[in-house]
Amino acid sequence: MNEFSFDVIIVGAGPAGCTAALALSECSLNVALIEKSTFPRDKICGDALSPDVIAQLQKLPIDSSSFIDGFDKKLECKAVRFIAPNYSYSDISLVNYNLSGYISPRIDFDNYLFEQAKQCKNLTIFEGQEISSIEESPTEVRVLMKSGVRLESPIILGSDGAKSLVKRTLHKEKPDKNHYCAGIRMYFEGVTDFSDLNAVELHFYDELLPGYFWIFPLPDNRANVGIGMLSSFVSKKNINLKKELISIIKTHPNVKDRFKNATIVDDAKGFPLPLGSKKRSISGNRYLLLGDAASLINPLSGEGIANAIRSGRVAAEHLIRCHATNRFDAAFNKGYDREIYRRMWNELRLNYWTQVFMRNPRRCNWIIQHAITNSFVKAIVMSGFNAKNAFSKILKK
Ligand SMILES: Cc1cc2nc3c(=O)[nH]c(=O)nc-3n(C[C@H](O)[C@H](O)[C@H](O)COP(=O)(O)OP(=O)(O)OC[C@H]3O[C@@H](n4cnc5c(N)ncnc54)[C@H](O)[C@@H]3O)c2cc1C
């Protein structure tokens, strides 16, 4: 009785899933979007929306002014501050390159995207619905939800994040700690001494390499504070990230005074970041993986929202071809992998090698010092934090 058939099932309504739905909104396909949470929902994140996120939003069939002018739960950030292991720092202004970045709590930003997706006429949303099993047959994929509802479709999009059930069930790839980052986030109110340009701050301290401590200003006098560090080093050095974070806030000479009168709004919570620092297979028979499920996070900055949106767009284009040719098999879906890496690999590789180079504190000092004085170094560093357009804009200047 509770069985429905769709042309495509999207699992997960984060940035990748919502934008795949939006990118499919102008075609005639009948689309299902399944989300286990109920919006608005939190997502552990640094909440930084790089200029590349804004560029990606502008490519979707939504009125992007609804975000720039009509969405007030964001703070414009006009610079990125890099603090070196020797505590010297470089501020790179985004304004000089006509770039805009924002910081917006994911509970608000993801809800904005979800509200946009809800307007798609060809979309049926199953919100607050947890999946109990996914099965593949020669002719379709079947999804069974705990509520008893059953959906079937010729193809499924796994946009269900870093712990993707679609990936675990259909793809069976084991996580590789050398290409994973562990991340932990807290919310504070009353952190002081942000720069006039509302710079996002990345503190590259010796003990955290390869990784960094961040302080990002938020609306309403709040701040997102956290640490991200390569998982293999967390294990090797036996680091407790929560203890490390608290210890930096309380004792680090470079920041402790700024937290003197700050109060905790949300305690430390962690989540993994699957990095795009190696090429993988990201599709198979009757499925495509998107965003974090496809491990597309920038290995230098830890930013993954822009590539999640980009993958949503690429997946939608591929899916329309699948239906036009009636091909949903693994060999045909390799075309999706090729297109993803054609658009993203040069940058992911460059950012990975920069991350490797910066593992040594002296080299990290050098890079951050030269990020101001040398256009090429600046372009490399900024490509990790703004992606795509920063590199060319900075080199052209
Ligand atoms: C600590 C930390 C800091 C970060 N900081 C930044 C940053 O500042 N800027 C940035 O750009 N990126 C950042 N990232 C990365 C960013 O959060 C991800 O790259 C981005 O959220 C990926 O989007 P997504 O849509 O692929 O997955 P997600 O945003 O994780 O969305 C997945 C969705 O799928 C749903 N879901 C999961 N399982 C199921 C299921 N079985 N059934 C139905 N639904 C399901 C989830 O509820 C969720 O809504 C950070 C990540 C972490 C962990």
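The structure is a predicted model, and the values below are computed from it.

**The sheet of six strands**

An open sheet is built from 6 strands in the order β9-β3-β2-β13-β20-β19, and its pairing is mixed. At the edges stand β9 and β19 (283–284), each of which has a single partner strand, so one side of each is left without a neighbour in the sheet.

Within this sheet, strand β2 (residues 8–11) runs parallel to strand β3 (residues 31–35), and 4 bridges join the two. In this pairing valine 11 stands opposite isoleucine 34 of β3. Strand β3 is also paired with β9, again in the parallel sense, over 5 bridges, and here alanine 32 has threonine 124 in β9 as its bridge partner.

In a regular strand, side chains alternate between the two faces of the sheet.

Strand β4 and strand β8 (residues 101–103) are joined in the antiparallel sense over 2 bridges, and the partner of alanine 48 in β8 is isoleucine 103.

**Two helix pairs**

Helix α1 (residues 15–23) packs against helix α4 (residues 106–118) at an angle of about 25 degrees, and their axes are 9 Å apart. With that angle, α1 is roughly parallel to α4, and the crossing in which α1 passes α4 is left-handed. On the side of α1 the contact involves Pro15, Cys18, Thr19, Ala21 and Leu22, which meet Asp110, Leu113, Phe114, Gln116 and Ala117 in α4. By class, the residues of this contact between α1 and α4 divide into 7 nonpolar, 2 polar and 1 charged.

Helix α8 (residues 305–325) and helix α9 (residues 330–357) have axes that come within 10 Å and cross at roughly 145 degrees. The crossing of α8 past α9 is right-handed. From α8, the residues Asn307, Arg310, Ser311, Val314, Ala315, His318 and Cys322 meet Phe332, Gly335, Tyr336, Glu339, Ile340, Arg343 and Met344 of α9. The contact of α8 with α9 is made up of 7 nonpolar, 4 polar and 3 charged residues.

**Residues in loops**

The backbone has particular features at several loop positions. The peptide bond that joins phenylalanine 39 and proline 40 is cis, with omega of about -5 degrees, and proline 40 lies in the loop between β3 and β4. A cis peptide bond also joins leucine 209 and proline 210, where omega is about -5 degrees, and proline 210 is found in the loop between β15 (200–203) and β16 (211–218).

| Residue | Phi | Loop |
|---|---|---|
| Lysine 172 | about 60 degrees | between α5 (165–171) and β14 (180–189) |
| Asparagine 326 | about 55 degrees | between α8 and α9 |

Lysine 172 has this positive phi although it is not a glycine, and asparagine 326 likewise has a positive phi without being a glycine. Lysine 172 is exposed, because its count of other C-beta atoms within 10 Å is 8. Asparagine 326, which belongs to the loop between the helices α8 and α9, is exposed because 8 other C-beta atoms lie within 10 Å.

**Glutamine 129**

Glutamine 129 is placed in the loop between β9 (123–127) and β10 (131–136). With 17 other C-beta atoms within 10 Å, glutamine 129 is partly exposed. Apart from its neighbours within four places in sequence, the residues in contact with glutamine 129 are Ile34, Lys36, Met145, Ser147 and Val149. Aspartate 52 stands 77 residues apart from glutamine 129 along the chain, and the C-alpha atoms of these two residues are separated by 31 Å.

Conventions: Residues are numbered from 1 along each chain as its sequence is written. This is a predicted model: local features need pLDDT of at least 70, side-chain atom pairs count only at pLDDT 80 or more; totals for chains, interfaces and linings use all residues. A residue is buried if 20 or more other C-beta atoms lie within 10 Å of its own, exposed if 12 or fewer, and partly exposed in between; C-beta atoms are placed from the backbone. Two residues are in contact if their C-beta atoms, placed from the backbone, lie within 7 Å. Axes are lines fitted to C-alpha atoms, for helices over the stretch in contact, and angles run from 0 to 180 degrees between N-to-C directions. A crossing is left-handed if the near helix is turned anticlockwise from the far one by less than a right angle, and right-handed if clockwise. Ala, Val, Leu, Ile, Met, Phe, Trp, Tyr, Cys and Pro count as nonpolar, Asp, Glu, Lys and Arg as charged, and the others, Gly among them, as polar. Angles under 35 degrees count as roughly parallel, over 145 as roughly antiparallel, 65 to 115 as roughly perpendicular and the rest as oblique. Two strands pair if DSSP finds at least two bridges between them.
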